[in-house]
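Take a look at the structure below.

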Amino acid sequence: MKKVLLTAAFAVAGMVGVSAQTSGVEGTVHVGIPVGDAADYSSFNVGVDLAYLHPIADNFKLGAKVGYDHFIADSNFKDLGGEDFGFIPLAATAKYEFSNNLFVGADLGYAFSTKDGLDGGLFWQPKIGYSGASFDVYAGYKGISVDNNQYSNFNADAVSLGFAYKF
């Protein structure tokens, strides 16, 4: 099942790449500090995203994104045999740009777990930032709601800072 989901995620990424001639493609790197449940197991969050945003109106864009989110296990969790864990989010994304280059955005979708024994879950991320001609800088709050037997109602949340390069 995971192979099918990974194949679908890479297919979406490929479609985004094909659409690059019309611009709207953004590559993002982000770092974050885990909060809530994730802070009990992880000390740092890092990831990358690839998104395609299509202009719907002069200041509103809508699209899709795929990425990889990695949570680095803290030393206490590693001492108990714990490991790093990651997710592949596949989501719809929206961005509203104000006239002064500030923007608000949101992502909503599903995050597939890359770790055996940990299910995926609902992925959501509101963000606010500054939009330049060829880049965005933003702050956001990422949430992944995991609901399975081993990690009952585990939330992999993080406060993050990101940098997006616009192709």
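Buried means under 20% relative accessible area, exposed means over 50%, and partly exposed lies in between (1.4 Å probe, protein chains only). At 29% relative accessibility, Phe135 therefore counts as partly exposed. Phe163, at 39%, is partly exposed too.

This is a predicted model: local features need pLDDT of at least 70, side-chain atom pairs count only at pLDDT 80 or more, and totals for chains, interfaces and linings use all residues. Residues are numbered from 1 along each chain as its sequence is written, and side-chain values use heavy atoms, leaving out hydrogens and water.

**Aromatic pairs**

Rings of Phe, Tyr and Trp (its six-membered ring) pair if their centres lie within 6.5 Å; planes under 30 degrees apart are stacked, over 60 edge-to-face, and the rest tilted. The whole structure holds eleven aromatic pairs. Here are two of them.

| Pair | Centre distance | Plane angle | Type |
|---|---|---|---|
| Phe85 and Phe154 | 5.9 Å | 75° | edge-to-face |
| Phe135 and Phe163 | 6.0 Å | 15° | stacked |

Strands (E, at least two residues) are DSSP runs, numbered from the N terminus. Phe85 lies in strand 4 and Phe154 in strand 8 (residues 154-155), so their pair ties together parts 69 residues apart in sequence. Both Phe85 and Phe154 are buried. Phe135 lies in strand 7 and Phe163 in strand 9 (residues 157-166), so this pair links parts 28 residues apart in sequence. One aromatic cluster is formed by Tyr41, Phe71, Phe85, Phe87 and Phe154.

**The core**

In soluble globular proteins, nonpolar side chains tend to be buried together. A nonpolar core is a set of buried Ala, Val, Leu, Ile, Met, Phe, Trp, Tyr and Cys residues joined through side-chain atoms within 4.5 Å. The largest one has 13 residues, of which Phe71, Phe85, Phe87, Ile144 and Ala156 touch the most other members. Strand 4 (85-97) and strand 7 (135-146) each supply at least two of its residues. Strand 4 gives the most, with three.

**A buried aspartate**

Is Asp69 buried or exposed? Its relative accessible area is 2%, so Asp69 is buried. Asp69 lies in strand 3 (residues 60-73). Its side chain makes a polar contact of 2.9 Å with that of Asn45. Such a contact is a pair of N or O atoms within 3.5 Å; within protein, one must be able to donate a hydrogen and the other to accept it, and residues adjacent in sequence count only if both atoms are side-chain atoms.

Conventions:
Helices (H or I, at least four residues) and strands (E, at least two) are DSSP runs, numbered from the N terminus.
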